Amino acid sequence: MLAKSENTLKNQNGTVSDPFSDTGSSIVNGIIGVGILLLVTVFPLVYHHSYVDILETKYLCYWLCALGMLIVTFLIGLILWAIDLKEFHGEHTKELLSGIRSRKWRSAYGIADIALMVFWIAAILSTIQSEYVYEAFWGNEGRYSGLYLLTLYVLVYFLISRFWKLKGWYLELFLITGMIMCVIGITDYFQLDVLDFRGKIRPSDSTIFTSTVGNINTYTAYVGMIMGFSTLMFTREKKFGKMLWYYICMIISFVAIIMGCSDNAYLSIGVLFAGLPFILFVDRRGIQKYLIILASFFSAIQMIDVLNQAFSDMVIGLDSLFQIIVNFRGLLGLVVFLWLLAGGFWWYGRRRDKKTPGEAWEVFPKGSRPWLIYVWGALIAAGFLAVCFMFFDANIGGHGERYGALQSYLIFDDTWGTYRGYIWKKSIDMYKDLPFLQKCFGHGPDTFGLLANDTIRFEMYDATGLFFDSAHNSILQYLLTIGLIGTAGYLVFLGASMVFMLKNRTGSPYILATMGAVVCYVFQSTVNIDLPIAAPMMWLLLSVGMAACRQENSEREKNQEL
C-alpha cells in the first residue's frame with residue numbers, strides 16, 4: 001500500500017502533483033462539463049410540441065441534466081472516496097474536497113455563499129410551513145419554480161463554482177446556440193415560421209411566441225443574456241478574428257432583442273449601455289469600443305426601420321419605445337454622427353501615436369484618474385433624477401400629457417405594463433396581510449397563483465379580465481413566496497457575486513462577460529417572470545463566472561507560493 005508521500009510527483013515548475021487527486025479532479029470536472037455542454041446546446045433549442053408544452057419541455061430538460069450531473073458526480077465521489085480510504089487511508093479526500101474546506105476560498109466567496117444558503121433555507125422553511133406543501137415543493141400550480149427547482153439551482157451552483165475548471169469553448173457554444181435561437185426569432189419577426197409552430201397555436205397568439213423559447217418576454221430575457229455576453233466579450237477581445245465574431249454576435253443579438261417586441265428588453269439594453277462606461281472609460285481602447293457599440297446599436301434600429309418599410313406586408317412591426325425611436329426624424333443623422341465620432345476618435349488616436357513612436361497615446365496619462373467615469377456617473381445620476389421628476393410630474397402633478405408618447409410609461413396606474421401596475425399594488429397588499437411567519441418565509445415557493453386565487457381572484461377578474469399566477473416582478477414574487485429573509489438572501493447573493501466578479505474581471509474575459517449576461521437578466525426580471533426557460537441559463541452563467549473567479553484566485557495563490 002502506497003503512502004501519500006510516495007504517490008506525489010513534482011511538475012516542471014516545482015509544484016507538487018498528486019496523480020490520484022489530479023485524476024479524481026479531472027473525472028469530476030469532465031462529468032460537470034458534460035452537464036454544462038447539454039445545458040448550453042440542447043436546452044436552448046429543445047422543443048416537443050410547438051409552443052403548447054414548451055415550458056414543460058424546457059423544465060424537464062433542465063432538471064434531467066442538472067439532476068443527472070449531481071447524481072453521477074456524487075456516485076463518482078463515493079467511488080473515489082472508497083478507493084482513497086482503502087489505498088491511501090483517506091489522505092486524498094481532503095485534497096479532493098479542498099474547494100469546500102479551503103479557508104481562503106471561504107473568505108473569498110463567503111458573502112455570496114452564505115447569502116445563497118439563507119435563500120435556500122428560507123425556501124425550505126417556506127415549503128414546510130406552507131398550506132400547500134406539495135405544490136410549493138414542485139411548483140406544479142405555478143411555473144414549476146418550486147423548492148425542487150430552486151434546490152437544483154443551488155446545488156448546481158455550488159458544484160460548478162467549486163469544482164469546475166473553466167474552458168472557454170463551452171461558452172462559445174452558448175453563443176453559437178444563442179445565435180441559432182436569435183436567427184429563428186428574426187425569421188419569426190418576418191413571419192416565415194421556419195419551425196412550423198404557428199399552425200399549432202391560436203392565431204391570436206402567433207405574434208407573442210417566437211423562436212425555440214416561447215413567449216416574447218422570455219425570449220427577450222434570454223436574448224438579453226446573449227447580448228450582454230457577446231458585447232462584453234467584444235470589449236475584452238484584442239485578436240481581430242475573435243473580435244469580429246463577437247461583434248457579429250452582438251449585432252445579431254441587438255436585432256433579435258429589438259425584433260422581439262417586448263418592453264422588458266428596454267431594461268436589459270438600458271443597464272448594458274448605462275453600465276459599460278464604468279468598465280470601459282478607463283483607457284482609449286475602451287472609449288473607442290463603447291462608441292462603436294453605441295453606433296452599431298442605433299445602426300441596427302435604422303436597419304430594422306428600412307426592412308420594416310421594404311417588407312411591410314410581412315413583418316410583425318415594432319411598437320412602444322422602439323417605434324418612438326424609429327419615428328425620430330434625426331435617427332439617420334444620429335447614426336452618421338456616432339460613426340463619425342467613433343472614426344474620428346480612432347483616427348486622432350492613430351495620429352497621436354505616430355507623433356510619439358513607441359508610446360501609445362492615452363486619454364488618461366499614467367497615474368491620473370479616469371475622470372470620464374465620474375462625469376458619466378454624474379450624467380447617470382442626473383438622468384435618474386430627471387426620470388424621477390417626470391414620473392412625479394406625470395402622476396402626482398397630473399401633467400402626463402406633457403411627455404407625449406412617453407406618458408404611457410410614466411403614468412403608473414392599474415393598466416401600466418399590461419396590468420403590471422395592478423398586480424404589483426395587489427402583491428404589496430397581499431404581503432401586508434400575511435401572518436408574521438409568512439412575512440419572513442413566504443407563502444411557499446411558486447404559490448403566488450394559489451394565494452391570489454384565495455384572496456383577490458374575483459377582484460382581479462373584474463379589474464383586469466385576467467388571472468395572474470405570478471407577480472411579474474422577481475423581487476415581489478420572491479417576497480410573497482419565500483418571504484423577506486429569502487428575498488434578502490437572493491439579492492445579497494446576486495450583489496456579492498457581481499462584486500466578486502468585478503474584482504476578478506482582469507483575469508479571464510469570460511468573467512466579465514458572464515457578469516454582463518447576468519446583470520442584463522436580473523434587471524429585466526423586475527418586470528418579468530423567472531421561468532425555467534431563461535432562468536436556468538442565468539444561474540448557469542453565474543455559476544460559470546464564479547468558477548472562473550475561483551480558478552483565477554487559485555492560480556494566483558499558487559504563483560505567490562512559488
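Is the crossing of α10 and α12 right-handed or left-handed? The crossing of these two helices is right-handed, where a crossing is left-handed if the near helix is turned anticlockwise from the far one by less than a right angle, and right-handed if clockwise.

## Basis of the model

This is a predicted model, in which local features need pLDDT of at least 70 and side-chain atom pairs count only at pLDDT 80 or more, while totals for chains, interfaces and linings use all residues. Residues are numbered from 1 along each chain as its sequence is written, and side-chain values use heavy atoms, with hydrogens and water left out.

## Packing of α10 and α12

Helix α10 covers residues 240-259 and helix α12 covers residues 284-310; they pack at an angle of about 45°, with their axes 10 Å apart. That angle makes α10 oblique to α12. Angles under 35 degrees count as roughly parallel, over 145 as roughly antiparallel, 65 to 115 as roughly perpendicular and the rest as oblique. Axes are lines fitted to C-alpha atoms, for helices over the stretch in contact, and angles run from 0 to 180 degrees between N-to-C directions. Helices (H or I, at least four residues) are DSSP runs, numbered from the N terminus.

On the α10 side, the residues that meet α12 are Met243, Tyr247, Met250, Ile251, Phe254, Val255, Ile258 and Met259. Their partners in α12 include Lys289, Ser296, Phe297, Ala300 and Leu307, contact meaning heavy atoms within 4.5 Å. By class, the residues of this contact comprise 16 nonpolar, 1 polar and 1 charged. Ala, Val, Leu, Ile, Met, Phe, Trp, Tyr, Cys and Pro count as nonpolar, Asp, Glu, Lys and Arg as charged, and the others, Gly among them, as polar.

## Packing of α22 and α23

The axes of helix α22 (residues 483-503) and helix α23 (residues 509-524) come within 9 Å and cross at roughly 150°. The two helices are therefore roughly antiparallel to each other, and α22 passes α23 in a left-handed crossing.

From α22, the contact draws on Leu494, Met498, Met501 and Leu502. From α23, Ile511, Leu512, Thr514, Met515, Val518, Val519 and Val522 take part. The residues of the contact of α22 with α23 divide into 10 nonpolar, 1 polar and no charged.

## Aromatic pairs

A pair of aromatic rings is described by the distance of the centres and the angle of the planes. The structure holds 42 aromatic pairs, with rings of Phe, Tyr and Trp (its six-membered ring) paired if their centres lie within 6.5 Å; planes under 30 degrees apart count as stacked, over 60 as edge-to-face and the rest as tilted. Phe281 and Tyr290 form an edge-to-face pair, at 5.3 Å centre to centre and with 90° between the planes. Both Phe281 and Tyr290 are buried (buried means under 20% relative accessible area, exposed over 50%, partly exposed in between, with a 1.4 Å probe and protein chains only).

The rings of Phe391 and Phe412 have their centres 6.4 Å apart and their planes at 50°, so this pair is tilted. Phe391 belongs to helix α15 (residues 371-395) and Phe412 to the loop between α16 (407-410) and α17 (416-433), so that the pair links distant parts of the chain, 21 residues apart. Phe391 is partly exposed at 36% relative accessibility, and Phe412 is partly exposed at 25%. Elsewhere, ring pairs link Phe43, Tyr62, Phe119, Tyr153, Tyr157, Phe158, Tyr478, Tyr490, Phe493 and Trp539 into a cluster.

## Individual helix residues

Ser268 is located in helix α11 (residues 265-280) and is buried, with a relative accessible area of 1%. Not counting residues up to four places away in sequence, Ser268 touches Gly224, Met227, Ile257, Cys520 and Gln524.

Val156 lies in helix α7 (residues 147-163) and is buried at 4% relative accessibility. With residues up to four places away in sequence not counted, Val156 touches Tyr62, Ala66, Met69, Leu70 and Ser543. Its C-alpha atom is separated by 15 Å from that of Tyr59, 97 residues apart along the chain.

## Loop residues with positive phi

Ser50 has phi near 55°, a positive value in a residue other than glycine. Ser50 is placed in the loop between α1 (19-45) and α2 (54-88) and is buried at 1% relative accessibility.

Cys261 likewise has a positive phi, near 55°. Cys261 sits in the loop between α10 and α11 and counts as buried at 16% relative accessibility.
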